Structures are given as C-alpha cells and as structure tokens.
Amino acid sequence: MNTVIFTDGSARGNPGPGGWGAVIIEEDSVMEVGGREEHTTNNRMELTAVISVLESIPNEREMTIYTDSAYVVSGITRWVIGWKKNKWKTSQKEKVLNKDLWEKLVEATTHKVIDWKLIKGHSGTAGNERCDVIATSFADKVPIVLYNGSRNRYGIDVSIKEAKSSKKSKPKRKAYSYISMVDGEIKVHKTWEECKARVHGVSSAKYKKSTSPADEEEIIKEFAE
C-alpha cells in the first residue's frame, strides 16, 4: 500500500496559540506527530502539519493525504501555479498570505507523488478526528501521548474506507502517465515503477503524475520552460 496521511491544524482565537497534528499510516505501522506555536492562525497550522509530515518522508514515495482544509488542497493543486507565475502575487496584485509556508510546501512536494483528498471535518472520520485531538491538545498545552508502533495495536480504525470524501471533493483520478525530467531530458512513463527507476537518487530530477492526455501535455510544457 502507499503511505496514508491524515493532518489537521488549530488556532485558539485565530490568531492565537496553535497546534497541528498528523497520523502517518504505513502497511504495518502508525506514527502520530504534532507541534505548536504560541501565536499563529488555523491556516498556518494546517500548512505546517502537511509540511512537517512531508519533510519527514523519503522522496520517490506515493502517498494519499487526507485533510479537511480546502485552503491547503486548493492552494497546492491549483492556486500555487498562478502565484508562482505572478511572483507570489494574487490575481488582485496583493501579496500571497503565508508565502513562506507555501514555498516550503512546494519544495516538500517536489519529489513525491501525492493524491490530495479533501474530507469533511468533524464528521466521524477517525483519522481526522484523532488529528484534531492532537492539534488542539498542543494548542492548549494539554499533555498527550503520541502513538508510534504497530498498526494492529493502534486503537483507532484508520482504514481508508473510513475517510469519506466531502461532496465538494473530486473522486480520485487514476494516473494516465508519469513524466520525468533528468538533466534536461523529458520522458513519459506509463507506470510509476518506470518513472521511479529513472529518478531514484537523482536530486535534480523532476517528475509528476498526469491524469489525462491534456494534463500530460501541460506537464511537459511546464518542465520544458
């Protein structure tokens, strides 16, 4: 299975004391992580949760990230493309809020294949509910024991079937192809294993998953610029 991740962030007062939490699920293990900041916002904590997790996971890894933050999902999958082209300005020519964290998130996603899933918060999704507990505990400075061990012994059902997508989220789209660029040479691969074999260990490599012929063409153009 690929790595499954749940994340959440919270800020008391928004801005105010904040915390973030995440649950990282591998085939045989589960690890909980979290942190806090004294003065922050909900959006910054949502971003920090995702960044912190991605920075701890090796490159060339396939994963699914579940978050209840439309800000994070829309930002990393759509808005950030325009922001970068406009030198980190919005369509209204204003500075992008939380630019420092968006830049970190872009860097953290560069060598990973990620399916972003927007879910409804506080709707009974076990992984999301646990992340909320972790985030609010850190925000409130309430001691909490973070689990790190066997998936079989984890007392929370975080099976993927529990992560029900919100009505507004789009269904997961299968990969049409994978595009890689190594030393300026662009290649198209039909499987992730082929792409991974080419980029493995090459720090300067770029790669992305496409979901359609048109998407493949756009990615090739992006790499060629």
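Colleague: At what angle do the axes of helix α2 and helix α3 cross?

Modeller: Roughly 95°, for α2 (residues 70–85) and α3 (residues 99–109), with the axes coming within 11 Å. The axes are lines fitted to C-alpha atoms, for helices over the stretch in contact, and angles run from 0 to 180 degrees between N-to-C directions. Helices (H or I, at least four residues) and strands (E, at least two) are DSSP runs, numbered from the N terminus.

Colleague: Roughly parallel or roughly perpendicular, then?

Modeller: α2 and α3 are therefore roughly perpendicular to each other; that label covers 65 to 115 degrees, while under 35 is roughly parallel, over 145 roughly antiparallel and the rest oblique. Keep in mind that this is a predicted model, where local features need pLDDT of at least 70, side-chain atom pairs count only at pLDDT 80 or more, and totals for chains, interfaces and linings use all residues. Residues are numbered from 1 along each chain as its sequence is written, and side-chain values use heavy atoms, with hydrogens and water left out.

Colleague: Which residues of α2 meet α3?

Modeller: Y71, V72, G75, I76, V80, W83 and K84, against W102, L105, V106 and T109 in α3. Contact here means heavy atoms within 4.5 Å. By class, this contact has 8 nonpolar, 2 polar and 1 charged residues; Ala, Val, Leu, Ile, Met, Phe, Trp, Tyr, Cys and Pro count as nonpolar, Asp, Glu, Lys and Arg as charged, and the others, Gly among them, as polar.

Colleague: Now the backbone: where is the cis peptide bond?

Modeller: From N14 to P15, with omega near 15°. P15 lies in the loop between β1 (3–11) and β2 (16–25). P15 also turns up among the contacts of T40, including A11 and M45, once neighbours within four places in sequence are left aside. T40 itself is in strand β3 (residues 29–40).

Colleague: Is T40 buried or exposed?

Modeller: Buried, at 2% relative accessibility. Buried means under 20% relative accessible area, exposed over 50%, partly exposed in between (1.4 Å probe, protein chains only).

Colleague: What about K87's phi?

Modeller: Phi of K87 is near 55°, positive although K87 is not a glycine. K87 sits in the loop between α2 and α3 and is exposed, at 73% relative accessible area. E60 has a positive phi too, about 60°, but E60 is buried at 10%.

Colleague: And what is the strand order in the sheet?

Modeller: β5-β4-β1-β2-β3-β6, an open sheet of 6 strands with mixed pairing; two strands pair if DSSP finds at least two bridges between them. The twist averages 20° from one strand to the next. β2 and β3 run antiparallel, joined by 9 bridges.
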